[in-house]
Amino acid sequence: MHTLLTPRWLLPIEPMAVLEGHGLAMDNGRITAIIPPEALDSVQAVEHIDLPDHALLPGLVNAHTHAAMSLMRGMADDLPLQEWLEQHIWPAEGRFASEAFVRDGTQLAMLEMLRGGTTCFADMYFFPDAVAKAVDAAGMRAAVGMILIDFPTAWAKDADEYLSKGLSVRDASRDMPLVTTIFAPHAPYTVSDAPLKRVRTLSDELDLPVQMHVHETRFEVDEALRTTGQRPLQRLDGLGLLKPGFMAVHMTALTDDDIRLCGARGLSVVHCAESNMKLASGQCRVDDLLDHGVNVALGTDGAASNNDLDMFGEMRTAAMLAKLTTQRATAFSAGQALQAATLGGARALNLESVIGSLQPGKSADMIAVSMRQPNTWPVHNVISQLVYACDREQVSDVWVAGQRLLERREAKTLNAPQIMDRAAHWAQRMQEPA
């Protein structure tokens, strides 16, 4: 075998267990074996990486981002969603959204995510071609969204052009082994029925997932009822979109009937706890969704509304928020939060056979987390420590498809000083009068 890793703790996720003293072998970008302690002495490897105080686990999957919006971090805070969008974010995008903006913002986001243990992210933003190229160059993994919205932007003028250009991105990314594509209609209130029917048809024909903001706020739900007589979920179900492979993002203001519908249709829900809290959008009933067999993933949303891309923080917040809102300490346990951040995200993106757990045959997308730190030491329960106490700065090493992208906290494929300088340049431009 080429590489042997020997961590103190190994978390395969499937099953949700902690293996102490085991080794993991990888070759040609894939996991080849999980080796029990008694067999390690007989193993010969070209490279041996010893991780004596570390937990080794699958890379985290950030199942919903707007990566390029890292360049907008902090520009419009403490505002409700509609005011934040309509008076600040959309005007800024109208001025600055371009291929260069998206490239530079995505690189900044990837640098942050890799240093925080995220190896795969789902993106929904303009110029997805620039996102795909940036991801491919960095050696990271991403599901790039083919954005669709009713009104014109710098990327496209109408639904036909959005879909045509999106499918061209899909074709162009076929030679990028770590890039997949998904349909990404923005939201029920910004995409009309006809384009959504085309998305449903194309999704069926091409077997591609669909990701969409749904029930982001109670206001959205109330407005839909007032103008159409239907809740957004009901409308999407009538259009045939609710099915396995559909990712509903945010999902606040859910009724019991909504939750039963989600379970019956087999869709996934992407919970963005911190963004929902910051924009006062509401709470997603993750525990009830899980009880109805719904796959739950976690996402940070964009850095303009979170304000970070920290999946360790997202796990902790999601778990604690569920306990607070249900008044049950057992709600959304540490193990459930960790699964949502790994295998749940992989399932949502239709990548379950490739990533999300440490199993022979799967891609070697992994992170090593140093546990010998004051905030996570001593270790009574590794899973609890990772979710409730760990800081993303404890991620020491990251591998994607066997390539070491972060080594002892140093990014190997991204030029951090150059990326930071370009971000500062954009900030200066954005602060200039219109």
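This is a predicted model: local features need pLDDT of at least 70, side-chain atom pairs count only at pLDDT 80 or more; totals for chains, interfaces and linings use all residues.

Student: Why is R141 called buried?
Tutor: Buried means under 20% relative accessible area, exposed over 50%, and partly exposed in between (1.4 Å probe, protein chains only). R141 has 6%, so R141 is buried.

Student: What makes the pairing of R141 and S363 a polar contact?
Tutor: A polar contact is a pair of N or O atoms within 3.5 Å; within protein, one must be able to donate a hydrogen and the other to accept it, and residues adjacent in sequence count only if both atoms are side-chain atoms. The side chains of R141 and S363 are joined at 2.9 Å, and the side chain of R141 also makes such a contact with that of D365, at 2.7 Å.

Student: What makes a group of residues a nonpolar core?
Tutor: Its members are buried Ala, Val, Leu, Ile, Met, Phe, Trp, Tyr and Cys residues, joined through side-chain atoms within 4.5 Å. The largest such core here has 123 residues, and W84, F101, F246 and L386 have the most contacts inside it. A second, separate core has 16 residues, including V61 and C272.

Student: Which residues lie nearest the centre of the largest cavity?
Tutor: They are H66, M69, L85, H186 and H213, among 22 lining residues. On a 1 Å grid over the protein atoms alone, a cavity is a set of points where a 1.4 Å probe fits but cannot get out, and lining residues have an atom within 4 Å of a point.

How values were computed. Residues are numbered from 1 along each chain as its sequence is written. Side-chain values use heavy atoms; hydrogens and water are left out. On a 1 Å grid over the protein atoms alone, a cavity is a set of points where a 1.4 Å probe fits but cannot get out, and a pocket is an open set with protein on both sides within 12 Å along at least five of seven lines; lining residues have an atom within 4 Å of a point.
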